[in-house]
Amino acid sequence: MTTWKEKLGDRVPAELGREIDIFETEIQLRKTGKIDEKVFAETRLRRGAYGQRYDNGQRNDGQRTQKLAYPSGDLTKGPTTFWDAPGMQRIKIPYGGLNPAGLETLAELAEEYSDGILHVTTRQDIQLHYVHIEDTPSLFRRLAAAGITTREACGNTVRNVTGCPIAGVCRDETFDVTPYAKACSKFLLGHKDTQNFGRKFKVSFSGCAENACALAMLHDIGYVAKVREGKRGFEVYVGGGLGSVPNQAKLFAEFMPEEELLPFSQAVSRVFARLGEKKNRNTARLKFVVNKLGIEEFKRVVLEERQALAPEPAWSAYLKDLRGTDETPPNPAKAPNGQPRPEGFEAWTRTNVYRQRQPGYAAVTVTLPLGDFTAPQARAIADLARKHSGGAVRLTVEQNILLRWVGEADLPAVYGELRRIGLGEPGAGTIVDVTACPGTDTCKLGISSSRGLAGELRQRLAGRMMSMDEAVRGLKIKVSGCFNSCGQHHLADLGFYGVSRKKGNYTIPHFQVLVGGQFENNAGSYGLAVIAVPSKRIPEVVDRMTAAYLAERSKGETFRAWIKRIGKVKVRQMLEDLAEVPLREVDRSFYSDWGDPREYSVGDMGVGECAGEVVSPLDFGLAAAERQAFEAQVTHEAGDYRRAAEQALGAMLLAARELVATQFGGISEDRPEVLRQFKDRFVETKLFWDPFAGSKFAQYLFHAAENPLPEASDAVHRLVEEAQLFIEASHSCATKMAEAPGVKA
Amino acid sequence: MTATVSSLDLHRIGVKVFARDPVRVELEKAVPVFHRWIQEHRVPGILVDVADYGHLPESPGVVLVSHEANLALDRSEGPLGLLYTRKTTLEGAFPDRLRSVVRAALDACVKLEEEPEFAGSLAFGAGEILFLSNDRLALPNSEEAFATIRPALESVFGALYGGKATLTRDGSDRRRRLAVRVTGGGAADLRALLGRLS
């Protein structure tokens, strides 16, 4: 029997081939118990082989939890991750750059090892789902033969280096960042100084400061192209990140010459490896190092590290061939010449066609619903790329595909072909083009159905997109299934992240509504949560907010400016009635999520006739804590940072006290006593415990209570975010207690 | 060189049965049906999840994902139909494996037709089946590979259709999986076909 290894032979680059051989051996060793499951888990993560929902061997089917009795029995590929359980394969596509051959290979792999679907992520990766671990070596080899590696796509590594998808054709860019992004990705991949991180590390390249394409401010290192005195270089930001508590990157250097790019990246990597937290993953990102040291001390340490580095040839080798990533248009630029235009072409052109800085050429955005496309569509896009864009394809952080160098005269033909394959929808970058992470569809951490909600919003909004006011049409909606921000909800005009709430004995899917985020200016500001609304009422939130904006805006006022002017209190008041959940007997639809008919629950529950009417004292207590956290937001907005910090801490203390009181009876209001009881009874016992984040949320409370409260705006902003997350964790804890036999809620 | 049928290591076999009137079928109705199938173990295997790709027009549609196979109300390989794609290895020689996959596909078709959500709207035609090789290593999309597998397909589908199977390979795009359209004369229905496989 021939294997892919034999068939591909030396088409697999030797170094990648060796790595894949080693991984194949590790699979065999794990199967015979000769590698610890934790070691194997990190090994596979570093090759992009991720876990997926239900890989713990059980699934709630809406009525009960069923065991998934896989044939390999108790064999695992990581802690509580069963060997045979399907997993997610993440495939790094540096700066989103793909060629037709790569697309065709990905299509083959999606068909043979996944479910026929390719998914574009918010970090310009491709993900395949439902992949068996034993198929991964063949999958890796076939990718390697197409020049693609999955190495370091997950795990505590340098993740996919992202970049502006319109780099090189952009009308506003300072210069094309493509060769720099490519060189940085190649240099850091597998580098000895990037192998000992406590957590992931993300780098991005933007061609300009104003437009958002590469979102520099939310990266561990964000490079923004800059020219000073005729010399190329970068404005450099460090310590940004989304995650549960977002952090705006801080300016490291106003200008760093291009030859310093790689040594600086290496120096930061070494500092991160040396000073970054290793044991507690919740405080292990670079942002914690930067915040702990302060930006000035961080600069000193990094520059000292830089001076000590031994020069490497790779630092400057690529600079000799900066034109090496240039693309060649396949066809000469030609004006449209009045040729017939298919129906819908004009509308599509308005939103999906970007006029390149090179006259006569355009970049075409192929709008992918929910970031998905099929294997046949991938092949058709490969054909289009060969014929019309010289093979130049980029994936975007808004989960679309970009075809560059399309001659303007060819646009009707490209549009016609996209329509033929079902990808000719207009609306790229508009309110219809909703971004969403996988959420409860496939992610182990998902709380609510982000894709279900995104699909619903997309469908509802698409029908009226053409009649919308332009200011509404241009809004951005982003959805995450949980607080971890993979859907980048903090950057949206309207952001949503999944949470749950109890009503009687039932758990109901909700989304927190965030407003005030900014995608422009390289993710210039982050939104804050205003109120949690049941999933099924989020479309009403969108309708109500956009209608109010249109009615109340002053001339030229943006949505974000309008939110700022009216204030979050008014926004909350506007939505408060939508937070109500009808009794299950009245409307059962609220008790399941979008696109999922199962009753939303994490366990089996006995239900009394009047169960839906019960509101426990804990529900009231947590609602009060939530109000206080919201007040902290408002106070922060008003500029009273000291008081906002006190309110945020007070909200956490109140939630903690309510949990203790409900579970174990009376408790004083004495702060040390509340903290002690909470620690002993909830943290030590792991009742207040997230299966993935551990005691992270409890630590927010302890840290705030045991240290001087912050006074700077951004630090208080973070504390307010932490308070909200602590309350979400309290809700989860209450749900867990209610659903665990013998535990009183 | 492609293997001979006797040594053919093809397990990732796909079989699609087409709906008689695809326009009448509301794809989204498959979502609650497949979730119920998981609850009630209506089809064999370790049933893992339901994936809904109804938002993509020519896609796998709605997929019931199991450890052993993907079972989809599919629109990616021709008009809407039920596509059963085996993932794990099967016992026996290739013809036995193929029969096993055809049986699983037909069995799922019969069950789907019986679901109340599809009453009066979903009926599968028994006169045409699409065979797919979902393993380009074991059986690529080429004339040579088709010639290799043709006798086995003629034998299995001939028996299924009472000796009247006609095979047509779609060779329009070599990048696609090997796909062979099998048509059988006569008016046999799904249950009759199933009977011939037991």
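At roughly what angle do the axes of helix H14 and helix H17 of chain A cross? Select residues 450-462 for H14(A) and 538-552 for H17(A): the two axes come within 10 Å and cross at roughly 45 degrees. (Axes are lines fitted to C-alpha atoms, for helices over the stretch in contact, and angles run from 0 to 180 degrees between N-to-C directions.) H14(A) and H17(A) are therefore oblique to each other; angles under 35 degrees count as roughly parallel, over 145 as roughly antiparallel, 65 to 115 as roughly perpendicular and the rest as oblique.

Now show the side chains. H14(A) brings Leu453(A), Glu456(A), Leu457(A) and Arg460(A), while H17(A) brings Ile538(A), Pro539(A) and Val542(A). Residues are in contact if their C-beta atoms, placed from the backbone, lie within 7 Å. Sorted by class, that makes five nonpolar, no polar and two charged residues. (Ala, Val, Leu, Ile, Met, Phe, Trp, Tyr, Cys and Pro count as nonpolar, Asp, Glu, Lys and Arg as charged, and the others, Gly among them, as polar.)

A quick word on what you're looking at: this is a predicted model, where local features need pLDDT of at least 70, side-chain atom pairs count only at pLDDT 80 or more, and totals for chains, interfaces and linings use all residues. Residues are numbered from 1 along each chain as its sequence is written, and chains are lettered from A and ligands numbered from 1 in the order in which they are written.

Zoom out to chain A. You'll find 24 helices and 26 strands; these are DSSP runs, with helices (H or I) of at least four residues and strands (E) of at least two, numbered from the N terminus. The C-alpha trace of chain A spans about 75 × 65 × 55 Å along its principal axes.

Next, color chain A by domain: 4-145 is domain 1, 177-325 domain 2, 430-603 domain 3 and 615-745 domain 4. These bounds come from an automatic or database domain assignment. Between domains 3 and 4 of chain A, 16 residues of domain 3 are in contact with 14 of domain 4. On the domain 3 side, pick out strand S22 (494-503), which gives the most, with four residues.

Last stop: bring in chain B. The contact takes 32 residues from chain A and 30 residues from chain B. On chain A's side, select H4(A), which supplies the largest share, four residues. That side divides into 13 nonpolar, eight polar and eleven charged residues.

Notes: Contact = placed C-beta atoms within 7 Å.
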